[in-house]
Amino acid sequence: MSNLAAVEQLLLPAECLLCHALLVGGDIQRLVCAVCRQRWRPVRPPWCERCAQPEPHFGPCRLCSDWPAALRSVRSAVWLSDGARAAVHALKYGRLPRIAADMAVAMNRVAEVADVSSVLVPIPLAPKRLRQRGYNQSEALARALGRQLKVPVLPDLLARTRETPTQTALTPETRLANVAGAFETRNAERGTGNSSAFPLPSSALILVDDVFTTGATLAEAARALEQAGATRIVGMTFARAAIPDFT
């Protein structure tokens, strides 16, 4: 540690964003301490193998039955509760994109879908919301995860076609309607649009978002990629919201 950094640490000791405990040792550059990270509750099976909706299921899982065929599976690292919710809030609304590095560590533990040929594709924000926020939280997560997995990030592969109201207070049915047709693939040479001729990477595409609730956003983004020719898409989020069983 440099003398300047040591003085800065002495005068302005780093503390955990969530519990305000002092950060020491290997956590000094983090925003969330090891104890708070351990409190994030992992999402574990038994679940639907495709969408990870917790069992029991009575018959086929209805949550993912209408997803595009190219969207093979979705996994989330932790449940959206307590400290995990605070981390998401800090990332999205607290102007703290650096917390994505801590969140990506948790996501890395469920990244068995990734390999060296995979490509990370963040869910895009609409231009107005991007200007207001100053950054795309999904891109921050994708870039942090990409550094850990050593795989590339394609932030411009998808674009929002229109502004959509926040999904937070919507029912599952209205969530689907809210994002219907909200994405399209982007091609610098041909402009923007869904086209089977779009030169997509041949590797698996990993859609990255912050929170999974019903999967409507991921499914609609995957639909745009599928229409452009993608055949292998998976989704990955930091958190998963607890929702009633759809079956």
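I began by noting a definition: a crossover is right-handed if, with the strands pointing away from the viewer, the path from the first strand over the helix to the second runs clockwise. Helices (H or I, at least four residues) and strands (E, at least two) are DSSP runs, numbered from the N terminus.

My model is predicted, so to speak from a record: local features need pLDDT of at least 70, side-chain atom pairs count only at pLDDT 80 or more, and totals for chains, interfaces and linings use all residues. Residues are numbered from 1 along each chain as its sequence is written, and side-chain values use heavy atoms, with hydrogens and water left out.

**The unit.** I found that β6, helix α8 (residues 216–227) and β7 build a right-handed β-α-β unit.

**The sheet.** I traced an open sheet of 4 strands in the order β1-β7-β6-β2, with parallel pairing; two strands pair if DSSP finds at least two bridges between them. At the edges I saw β1 (71–79) and β2 (119–122), each pairing on one side only.

**Around β7.** I looked up the partners of β7 next. Strand β6 (residues 205–212) pairs with β7 (residues 233–240) over 7 bridges, and L205 has I233 as its bridge partner. D209 stands opposite T237.

**Helix α3.** Which residues of α3 are buried? I listed A84, A87, V88, A90, L91 and K92. These buried residues pack against β1, α4, α5 (127–133), α6 (137–149), β6 and β7, where contact means heavy atoms within 4.5 Å.

Terms used. Buried means under 20% relative accessible area, exposed over 50%, partly exposed in between (1.4 Å probe, protein chains only).
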